[in-house]
Structures are given as C-alpha cells and as structure tokens.
Amino acid sequence: KERLEESGGGSVQVGGSLRLSCSTSGFFTSRYCMGWFRQAPGKEREGVAIMYSGGATTTHYDYADAVKDRFTIYQENGKNTLDLQMNSLKPEETAMYFCAATEYMLGSRQFDIDEYAHWGQGTQVTVSS
C-alpha cells in the first residue's frame, strides 16, 4: 500500500531555512509525479514544487512562481524520500506542508490537487517575523 509521511517542519525566523522530507513507500513504478503542496489557514491548498519522471532517465522539476530560486525539490540517490529545501522563508509561507504523489503524468495539471491520489498527513511550517 502506498504511504507518504512528512517530517522536518518547525518554526523559523524570516529569511531562515528548513528542509522537509517525505518518506515514501509502496510505490513500485519508475513513472510518477510527486510534489509538495501547502495550505495556509483560511486558504486553499496550493502546489509548491513538483518532480516527475515518465520512466526514462530524465527527471523534471517545476516550481510555483512564488518559490522559484528559493525552494528546491529533490530525491537523494538510493533513498525513498522526497525532500524540499526551503530558503529565505517569508511569514506568508506559514502553512501546513503536504507531500503528494500519483502514478500518472499530469502535464499542465501537475499543480492541481485533485489529480493526486496519495497524500501525507502534513507537517507544520511557521515563519515568524
């Protein structure tokens, strides 16, 4: 059974950094789309960073405009984790951060939360000024 579990959240001051990690299990396919989403209080869940592969050797990455050049999504070699390095954090990025995955290629819908069948429970990130 597919399972995702986030860790690494916490409190940080403005401009600080955090690294989130998502432990993955039960995914036995080289074709996938996985990513990080966040949901701030009173707001809709939104996509942050996506990593996907169509089964070939090339892995692709995509980021929301708001986090480009500050956030990096990656997977360490040999590990079943999906990490998100977040730098220069802002107070408005205080949110619950979720890891999500699907076995389907989504094309232009890769930031659409309805396309993801598998979700973790989330990890809280708080950025204080």
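Tutor: Quick term before we start: a residue counts as buried under 20% relative accessible area, exposed over 50% and partly exposed in between (1.4 Å probe, protein chains only). The model is predicted, so local features need pLDDT of at least 70 and side-chain atom pairs count only at pLDDT 80 or more, while totals for chains, interfaces and linings use all residues. Residues are numbered from 1 along each chain as its sequence is written, and side-chain values use heavy atoms, with hydrogens and water left out.

Student: How far is E76 from T58?

Tutor: Their C-alpha atoms are 15 Å apart, and E76 and T58 are separated by 18 residues along the chain.

Student: Let's switch to rings. How many aromatic pairs are there?

Tutor: Searching the whole structure gives four. In one of them, the ring centres of F98 and W119 are 6.3 Å apart and the planes meet at 80 degrees, so this pair is edge-to-face. F98 belongs to strand 9 (residues 95-102) and W119 to strand 10 (residues 118-119), so the pair ties together parts 21 residues apart in sequence.

Student: What makes two rings a pair, though?

Tutor: Rings of Phe, Tyr and Trp (its six-membered ring) pair if their centres lie within 6.5 Å; planes under 30 degrees apart are stacked, over 60 edge-to-face, and the rest tilted.

Student: Which residues do the ring pairs link into a cluster?

Tutor: The cluster is made of F37, F98, Y116 and W119.

Student: Back to F98, is it buried or exposed?

Tutor: F98 is buried, because its relative accessible area is 9%.

Student: What sits over the ring of F98?

Tutor: That's the charged end of R45, 3.7 Å from the centre of the F98 ring. R45 also lies over the face of W119, 4.8 Å from that ring centre. To sit over a ring, NZ of Lys or CZ of Arg has to be within 6 Å of the ring centre and within 35 degrees of the ring normal.

Student: New topic: the inside. How many residues are in the largest nonpolar core?

Tutor: There are 27, and W36, I73, L82, L84, M86 and Y97 touch the most other members. Strand 3 (18-25), strand 4 (31-39), strand 5 (46-54), strand 7 (71-74), strand 8 (81-86), strand 9 and strand 11 (123-128) are the elements that give two or more residues to this core.

Student: Which strand gives the most to this core?

Tutor: Strand 9 does, with four residues. A nonpolar core here is a set of buried Ala, Val, Leu, Ile, Met, Phe, Trp, Tyr and Cys residues joined through side-chain atoms within 4.5 Å.

Student: What about V48, buried or exposed?

Tutor: V48 is buried, because its relative accessibility is 1%. V48 is part of strand 5. Between V48 and F98 there are 9.6 Å, C-alpha to C-alpha, and the two are 50 residues apart in sequence.

Student: And which strand holds V125?

Tutor: V125 is in strand 11. V125 is buried, because its relative accessible area is 0%. From V125 to Y74 the C-alpha atoms are 19 Å apart, with the two residues 51 apart along the chain.

Student: Last one: where is E92?

Tutor: E92 is in the loop between strand 8 and strand 9. E92 is exposed, because its relative accessibility is 56%. E92 and T126 are 9.1 Å apart, C-alpha to C-alpha, and 34 residues apart in sequence.
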